[in-house]
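Take a walk through this structure, from the whole chain down to single residues. Keep the sequence at hand as you read.

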Amino acid sequence: MSQPNTMEPGMEPQVQDNTSTSRTEFLVSLSSKVDAMKELITRCSSSDQAILDGELQTLVKQLETVIRSMAMDLSKIPFSDFKNQFSQPGQINVGESPVSASQRENNYEDFIKGIHKGMQRNDAKASSDILPPSAETLQPGYQGFFCPLTEKIMNDPVTIETGITYEREAIVEWFMRSSEYVICPTTRIEIKSTCFCSNLALKSTIEEWKERNEVMRIQIASGSLSLAASEAMVLDALKEMQLLSQHNKHKGHMHIIGITQQVVQLLRHDSMVVRCEAMHLLRSLVEDEDGKVIVARTRILTRTVKMMSSYNSSERHAAVSFLLELSKSEMFLDKIGLTPGGILILITMKYNKEADPLAAEKAEEVLKNLEKLPLNIRCMAENGFMEPLLDHLIDGLEEVQMDMVSYLGEIPLEDDMKSYVAERASNTLIQMISGGNPVIRREAFKTLVQISSHPPSSRILIDAGITPLMIDEIFSRRIHSESLDSQEEAAAILANILESDGIDFSNIKVNKNGHTISSQYSVYNLVHLLKCSIAEKVDANILRILFSLTKLSKPLATIVSVVKELEVTQTIIEFLNSQLEDLVTVAAKLLIALSSHIGDTIASDLTKTQGQPEGLIKNYDSKQISEKQAASANLIAKLPHRSAPLNLALLHQGTVPVVLSRIQEIQRGEIRASSMRLTAHYLEGLAGILVRFTSGLLDQEILQMAMSRDLTSVFADLLVRPCGSSEVQRLAAVGLENLSSQSLKLSKPPLEVRKPSRPINIFSKSRSVTNREGGRLVLTCPAHRGVCSTTTFCLLESRAAERLLGCLDNENPEVVKAVLSAISTLLDNNVEVTGSVRALTELGAVESVFRVLKVYREEEEVLQRSLWLVERFLEMGNQQLCREIYSNKVLSTMLVSTFHKADGNNKKMAENILRHLHRIMNFSSKSFVM
């Protein structure tokens, strides 16, 4: 009257006796195709006879056809074909016969559902309509495996007083629902006690039975993957294995039969859905070490990174979840870090929280796991994620700190990152250089050199107290066994800080005695180091420090005084012959800064130095402009122009042809430079060298050079082709002024000829042509009362005057001032002013000067030169010119304003011009009130 609560080993299972004809036919057909496939394979692999290429291709095609046919057959069999061979399960009611219940319990669909219940999947079906079931290969369940209450295979069977076995949860719930008395759900017999005991033997038997059947299910799913001809079949097999892989005991079997490798290959499937499901299964399979070992031998990480960059969020999530599982194992820490693009994509995901918060969260977890390997931290920093490196640098152990500071010193940092590192790690880095570990000190110095090169970082480092330490490193060696690298790098750090704008050097303390970086103490020791025998890189950085200090007047005076006292001018000049380009560049810059105070000494010592001064001009790449070239050319240009020995040395050493050639190459664009600023700066130096020669025209050698090289035309050309530099235009105007001042002396007496040596330009506004004595022509310059040419430096003959007047519209007042000075040489008392006024008037000089007065009325020196020109125009011009000047109302207003507001010469000239206008127009004293 009750069911047995145990199952004897010899108990027979309840199975169906009849087999569907359709299934039998299917198996026979499948078997025949397998035989055909084996025969084809044997023929292809046979080595007994040679197979022609055409026959081999035919065999391969036949083999492919058979395999495709097998796969199609398997994929097209619906599950419904098998349902008719099993009776539908019904509700187990009290009083039913065991045989009837057994028939229903052995239904294949309920059998699969029972297994899924054991896997916490109560609503799953055993198979989809695509994955073909093979009930014969599965061991059907015994009647005693099913709980009478749930009709499911039991997980935790317990036996009650009547000897009937139930699922623990089901019978407990039954007892709780009973009110007055308790009966057995199956026998309906009242029971006195609700106690029960575990049926361990049955539980063990059920577990063994489940294991055998689940292994078979794994093999079926694996076979389905191998023969799958459709995406649906692949997905069905993957989902089946995902359920089975939830139990660790099945993962090992999947690894053994090769499922793990099969699934890895599916990551290359065309279907995104298949790739995602495969990745989900792999994530489960690699939870144990065996799975990790298997995938470690594949190139799965490359595919994973590619999937993480997908536009589809499901694919990204699947990939990053899989990578998160791998990152938990030390086996994969280096492999993930070495996978191209892996860490970069993870960092991108991490900072893309708004677009994909789930991926960002998992990416952050992966990165956190990867931090366990120092090389990964470096890779993160190289890709812009500095937080892990800085965290370990600040809080890590000494060994870890050594690695982190080494990486930090080697990684090129963007400017904004330099400031960020300075904010977070400046105190730690300063502590490191104060410590006794030479390796950490060296790497900390390298890092500080890099971050101090960004000006905003300088203030942070100063506030952290770096200056006294750097001064101490420069002036004394703290560790005797340490090389000079720390001295070099300390000087570089201090130079970087001082080169930053907006820092008041006078307040930067360098020691406890109150000395500052710009004090006599600091300057003296720095200059003194230049006389010592130390490395050139140290010299270069010390010169950078001194050059930065020259930007302020007080430190400049201190440096000049110390340089004179220690007599190091010659030492600095000798640096110009160094092979270290940075040393030559900064030495030239420092000498330029000092030239306004000790320029004569520098010029004298330069001519006494071997290979100089010509080495500053000639010893360079003819097709490339460097900072060194620009600084060297400007040094020669800035030294006092009155230094005859220097000028003659330059002339005798053949520098002039080189300078002229370089100017032409720059104007033609034949010389490369890193920037237009550098090109313009170099051209300024070259133009300045030519200007220095025009200051020494009293020397006949220099005069002949200027005439033979036609410097007038060179300067006139620089006025219109200055390569974007207003300074070049100013220098050109100064050069023309110097040349024009010599024109009167060089202008020849009128030359009488029957026929001009070259055609006369009858449209020239710079030449007066008259006839006398039998039609012979006498050619004279309206300004110089003689015959002029380009060799006489005449501004009118060379057309330089026109180009000068065109520069009066320049926005730079210094250029305008220089141009006005050059034009003024044509109105000097020594020349024919009337002719010059006439020639300049025809060139539009009056209108140009009026525009200057309108724009630069607040510039005192420009105003003074402009008023002087207007006064000369009024004094030496004709009546028509005077009326034209008077008719300019802006001029009258400006003159009155200048008379009332200005002082000295400008006030006097304004008064004179107003009086001229008053007399010319015959105004009464009442019409103008002074």
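Predicted model: local features only at pLDDT ≥ 70, side-chain atom pairs only at ≥ 80, totals over all residues.

Residues are numbered from 1 along each chain as its sequence is written, and side-chain values use heavy atoms, leaving out hydrogens and water.

Start with the whole chain. It has 47 helices and eight strands. These are DSSP runs numbered from the N terminus: helices are H or I with at least four residues, strands are E with at least two. Of the 930 residues, 50% count as buried. Buried means under 20% relative accessible area, exposed means over 50%, and partly exposed is in between, with a 1.4 Å probe and protein chains only. The accessible surface comes to about 44,400 Å². Carbon and sulfur atoms hold 50% of that surface. The areas come from the Shrake-Rupley method with a 1.4 Å probe; for residues, only the protein chains shown count as cover. Now take contacts between residues at least 6 apart in sequence: 68% of them join residues at least 24 apart. A contact means heavy atoms within 4.5 Å.

Next comes the second largest pocket. A pocket is found on a 1 Å grid over the protein atoms alone, as an open set of points where a 1.4 Å probe fits, with protein on both sides within 12 Å along at least five of seven lines; lining residues have an atom within 4 Å of a point. This pocket holds about 350 Å³ of space. The volume is the space filled by probe spheres set on the points, which are joined across faces, edges and corners. Its lining counts 16 residues, and Ala 540, Asn 541, Arg 544, Asp 582 and Val 586 lie nearest the centre. Helix 25 (485-498), helix 27 (536-549) and helix 30 (581-608) each supply at least two lining residues. Helix 27 gives the largest share, five residues. By type, the lining has six nonpolar, two polar and eight charged residues. Here Ala, Val, Leu, Ile, Met, Phe, Trp, Tyr, Cys and Pro are nonpolar, Asp, Glu, Lys and Arg are charged, and the others, Gly among them, are polar.

Stay with helix 25, where Leu 498 is found. Leu 498 is buried, at a relative accessible area of 1%. Its touching partners, beyond four places in sequence, include Phe 505, Ile 508 and Ile 545. The C-alpha atoms of Leu 498 and Ile 545 are separated by 6.6 Å, though the two are 47 residues apart along the chain.

How many aromatic pairs does the structure hold? There are three. Rings of Phe, Tyr and Trp (its six-membered ring) pair if their centres lie within 6.5 Å; planes under 30 degrees apart are stacked, over 60 edge-to-face, and the rest tilted. Phe 145 and Trp 209 have ring centres 5.4 Å apart and planes at 65°, so this pair is edge-to-face. Phe 145 sits in the loop between helix 5 (108-118) and strand 1 (157-159), and Trp 209 in helix 7, 64 residues apart. Both are buried. Tyr 351 and Phe 385 are also edge-to-face, because their planes stand at 80°, with centres 6.0 Å apart.

Finally, look at the backbone. A cis peptide bond joins Gln 612 and Pro 613, with omega about 5°. Pro 613 is in the loop between helix 30 and helix 31 (615-618). Glu 567 is a residue other than glycine with a positive phi, near 55°. Glu 567 is exposed, with a relative accessible area of 65%.
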